[in-house]
Amino acid sequence: MNKISILSLFVSCMLLPWSCHNNSEKNELAHDHHHDHSHEHEHGHDHGGHFHESEEEEDAINISPEKAEKLGIEATPINYENYSGSIKVTGEIIAPPSSRRVISATAPGIVTLPNSVSPGKKVGAGQLIASISSAEIAGGNVLSELSLRYDAAKREVERLTPLHEKGVVSTKEYNRAVTEMESARAALGNKQSGDGVIEVKAPVGGTLSSLYAGNGDYVEAGQVIGVIGDNSLLTLKADLPRRYHSKESQIRTAYIIPPCGDCPGFVIEDYNGKRLDGDISVKDSKSSFLPIYFTFNNPGSIEGSGYVDVYLKLDEKKNALVVPSESLVEEQGQWWLYVKLDEDCYEKRAVKPGNFGGDVVEIVSGLNPGEEVVTKGVTFVKLAENSGVIPEGHSHSH
C-alpha cells in the first residue's frame, strides 16, 4: 500500500463519524444560492435554510472541530489588504569567491579519509578532513623529520628570546628564528599522533564542494586535498526580461524557491537580504535580460551555486484578497480553494487567481471578503473530499 493510500485511509478513519451543523445566517451571508429542484431526500439533519444552485455544491465536506484540530486544519478570514505585485524570473545563486577555502596537505604521505567526509557534505571549522601518514613511504618517516625540525626551531627561539630582550641579539635575527619556527609548525600540521600521522582539519565551516584525494592516495606537501565553500553569505543574480524594464525601479526584494524538493521558499529580507547597487541599464552580454543582484544570508536550504525560481517583489501596492499559495489547489487547469462554511462544514470553491507572488497569490474572483479559507492542512481537507464517505443521515436519490 503506497503512502497516499495509507494517508487517505487514515484521514477517512479520522473523519468518522461525520457531522454537519450549518449556521443558516452565516451560510446565507457567504452564499446566495437559490434553486427549485425537486429532490427526494431522506435527511438525518436540518440544512437550516441553506439553499444550493447545484447538486455539486450540496456535497459539503464535513469535518468536526475536534478532528480538524487533530489534523492541523486551520481556516483564516480573508480581507482586503495591501498587496505587492511580483514578476517571476529565473535566478542564479552565486557563492562569492572569498568564501572558497582550499585544504592542502601539510606533509607528504598516504591519505586516509573519515567516513563522514565526501563531496557535498557540510563540515564544521576544525573538523577532521584527512589523516596523512608518512611512516611507510620511501625515505623514512617524514613526520619524524618535520617534528625534529620544529623542536630545533622552537629551542632556538627560546634561547634567543632573553638575549633579544637584553639587546644582545638584533630584532632581525630574532624575527628570522621566529619565522623558521612558524614555518616548521605549519609543515608539521595541526596535530601529530604517536604513530606518525598528521591530521588535516577544516580551516572554516561550510560545504565540502570538491575532494581531490581518496583513501590510499599519495600526496605531496602542499597538494590540494579538497575545497570548502562557505555558503553562509550568497549572491542572487535575477534575470529581468526587457519587457519589464519599466518596473525595474520598483523592485525591492525577492522570493526564492530553493531547488531542494520540499524546502520551503523564503523572502530574502527575512535573512538580511538586500538589493545591490549597480547600473541596471547595462545589458547582459549573453542574453537580452537585465541582471539584478541581491545578497542574503543562507537560510540553510541552499547547498551551493545553481539556478532557482525567483519572484521579484514590486513596491506597487493595491487592495486585494490575498491567500497563501499553499491554500490554492489546481485540478485540470481550474483553481480551487477550500472555504469554511461553519464550524464543521467546508466547501470546495472555484476561484480565479491573479498575480502569483511566490508565497502568496491574489484572488480576483470567487472569494468574498470575510470568508474563511483553509490555510493549513489543505491536503487533509482534499483527502476528506475524495474519501467517498457520505455524512451520516444522508441518502440522496436524484
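**Entry 1**

I looked up Phe296 and found it buried, at 0% relative accessibility. Buried means under 20% relative accessible area, exposed over 50%, partly exposed in between (1.4 Å probe, protein chains only). This is a predicted model: local features need pLDDT of at least 70, side-chain atom pairs count only at pLDDT 80 or more, and totals for chains, interfaces and linings use all residues. Residues are numbered from 1 along each chain as its sequence is written, and side-chain values use heavy atoms, with hydrogens and water left out.

I then searched the whole structure for aromatic pairs and got four. Rings of Phe, Tyr and Trp (its six-membered ring) pair if their centres lie within 6.5 Å; planes under 30 degrees apart count as stacked, over 60 as edge-to-face and the rest as tilted. One of the pairs is Phe266 with Phe296, a tilted one, at 5.8 Å centre to centre and 50° between the planes. Strands (E, at least two residues) and helices (H or I, at least four) are DSSP runs, numbered from the N terminus. Phe266 is buried as well, at 6% relative accessible area. Phe266, Tyr271 and Phe296 form one aromatic cluster.

**Entry 2: a second tilted pair**

Next I took Trp335 and Phe356. They form a tilted aromatic pair, with 5.5 Å centre to centre and 55° between the planes.

**Entry 3: positive phi**

I checked the backbone angles. Most residues other than glycine have a negative phi. Asn272 is not a glycine, yet its phi is positive, about 55°. Asn272 is in the loop between β16 and β17 (274-275). I logged Asn272 as exposed, with a relative accessible area of 60%.

Gln332 also has a positive phi, about 50°, and is not a glycine. Its loop runs between β20 (329-331) and β21. Gln332 is exposed, at 86% relative accessibility.

**Entry 4: the sheet with β5 at one edge**

In what order do the strands of the four-stranded open sheet stand? I read β5-β13-β11-β7, with antiparallel pairing. β5 and β7 (122-123) are the edges; each has a single partner strand, so one side of each has no neighbour in the sheet. Two strands pair if DSSP finds at least two bridges between them.

I went through the pairings in turn.

- β5 and β13 pair antiparallel over five bridges, and Ile103 has Gly226 in β13 as its bridge partner.
- β11 (residues 206-211) and β13 run antiparallel and are joined by four bridges; Leu208 is partnered with Ile228 in β13.
- β7 and β11 pair antiparallel over two bridges, and Val123 stands opposite Gly206 in β11.

Strand β13 (residues 224-229) is mostly covered, with five of its six residues buried.

**Entry 5: a nonpolar surface patch**

Which residues form the nonpolar patch on the surface? I found Val102, Tyr212 and Val224, with about 250 Å² of accessible area together. Like charges are joined within 9 Å, nonpolar side chains (Val, Leu, Ile, Met, Phe, Trp, Tyr) within 5 Å. Accessible areas come from the Shrake-Rupley method with a 1.4 Å probe; for residues, only the protein chains shown count as cover. Val102 belongs to strand β5 (residues 100-104). Val102 is partly exposed, at 39% relative accessible area.

**Entry 6: Glu362**

I located Glu362 in strand β23 (residues 360-365). Glu362 counts as buried, at 9% relative accessibility. I listed its contacts (heavy atoms within 4.5 Å). Leaving aside neighbours within four places in sequence, Glu362 touches Tyr83, Lys318, Ala320, Leu321, Val322, Lys352, Pro353, Gly354 and Asn355.

**Entry 7: whole-chain totals**

The chain has seven helices and 25 strands. Of its 398 residues, 39% are buried. Among contacts with a separation of 6 or more, 75% join residues 24 or more positions apart. The chain exposes about 21700 Å², and carbon and sulfur atoms supply 49% of that area.

Terms used. Patches are made of residues with over 30% relative accessible area and no salt bridge: like charges are joined within 9 Å, nonpolar side chains (Val, Leu, Ile, Met, Phe, Trp, Tyr) within 5 Å. A salt bridge is a side-chain nitrogen of Lys or Arg within 4 Å of a carboxyl oxygen of Asp or Glu.
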